[in-house]
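Please keep the sequence and the coordinates open while reading.

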Amino acid sequence: MANQTDFLPQIEMSTDMQPFNTTSTSSPFNTSDFIAKIAANDLTSRANYVYALCAVLGLASACILLYAFIRSYRAQRYLAWLDSLLWAFSSSQLLLLLLSLSSVAHRPSYLVTTHIGCAALAFTVNMASLCGLLLLVFMGYALTFDTPTHTLLKRAGVCVALVLLVSILCSLVLARLRGPSKELHLEGICIIDPTEAGRSYAMAKLCLGCLIPYLLLLGLLTGGCVRQWKSSSRFLSGSEEGPVFLAVAVVIFVCQLFHGIVLVRGAGMQQAGDLSYHERAFMHVSEFVMFSGSCVCLVLVLLLHRPCRESLLEVTRQLRDCCRGLGGRQTHRHIMAPHIEIADTQDYNP
């Protein structure tokens, strides 16, 4: 038993598990504290592995979506308004997925960079997330109301520019609340949504990044349902983008709402006192849940949107034909048959 207690401090000094920066060499060793840290790192690592699998599926889906986009553009030389918004939404989700790789590469620890670099990363994550939400709002507007062709909002480029402008302004507000405002050149651990930013930042992100866009979307969907009830027109089911719109809207709402609630709860607990290892690990899990919404949305767009699904079937068929071709060449290889000629070498004398 004495050997076991002597061995535990050696493990702590030899392993690199210091993501929470709460240990001190001068403080006495606490076995329960060390076990809690190990359990928190284990929870974060398991969530990291699960999200890495989701990220691989999302990247594969994004590659096929890019192939479908190029194929549709070559066939038609233009894209419909809803299709353009859908491709822009998929691009924003792909950007979020790529930005999340900074978390995957360093968990259960943190990315170490300058304060201004971390603020730029958080700004880009918030901007990409808000772009996706606002594009969903525009898609809901397009599915609810039949906008005339001469309307300015009918142009996809105008909609994307307006989405970018609003997203940048909202992200600047969040960056101001997040901080820090001093010593930006110093290096430290980088947390995209730190609980140390306070409850004001957490509430602002919950409102701007979830509640306000979905209240607008709910109003549009309610208006569409009322319009369908007054007239015999079809709503959402009358277009190819209706099912994929509803699916991705529900997924993003659940992921963003979960992360926002956990962030507000963590900020409140941070004001009351320092977070425990388990609570910080739970903050990591909520961040992975937020990013996993982007991966799931890319997969849903691939499976539910008919042109994308046809591209997936075509890619699958091409891969199957390629594998069959390789197998056929191996099976039907030309093998030279041996030619044996028997000659009588003995002289025949009658």
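The largest nonpolar core has 70 residues, and Val125, Leu136, Tyr214 and Val248 are those with the most contacts inside it. A nonpolar core here is a set of buried Ala, Val, Leu, Ile, Met, Phe, Trp, Tyr and Cys residues joined through side-chain atoms within 4.5 Å; buried means under 20% relative accessible area, exposed over 50%, and partly exposed in between (1.4 Å probe, protein chains only). Elements that give two or more residues to this core include helix 2 (31-76), helix 3 (81-106), helix 4 and helix 7 (241-272). Helix 4 supplies the largest share, 15 residues. Helices (H or I, at least four residues) and strands (E, at least two) are DSSP runs, numbered from the N terminus.

The model is predicted: local features need pLDDT of at least 70, side-chain atom pairs count only at pLDDT 80 or more, and totals for chains, interfaces and linings use all residues. Residues are numbered from 1 along each chain as its sequence is written, and side-chain values use heavy atoms, with hydrogens and water left out.

Counting pairs of cysteine sulfur atoms within 2.5 Å as disulfides gives 1. The bond joins Cys118 to Cys190, with S to S at 2.1 Å. Cys118 lies in helix 4 (residues 115-144) and Cys190 in strand 2 (residues 187-190), so the pair ties together parts that are 72 residues apart in sequence. The link of Cys118 and Cys190 is right-handed, with 85° about the S-S bond. Both Cys118 and Cys190 are buried.

Which cysteine sulfur is closest to that of Cys170? It is the sulfur of Cys131, at 9.9 Å, which is too far for a bond. Cys255 is in no disulfide either, and its nearest cysteine sulfur, that of Cys297, is 7.3 Å away. Cys255 is buried, with a relative accessible area of 10%.

Val166, in helix 5 (residues 156-178), is partly exposed at 31%.
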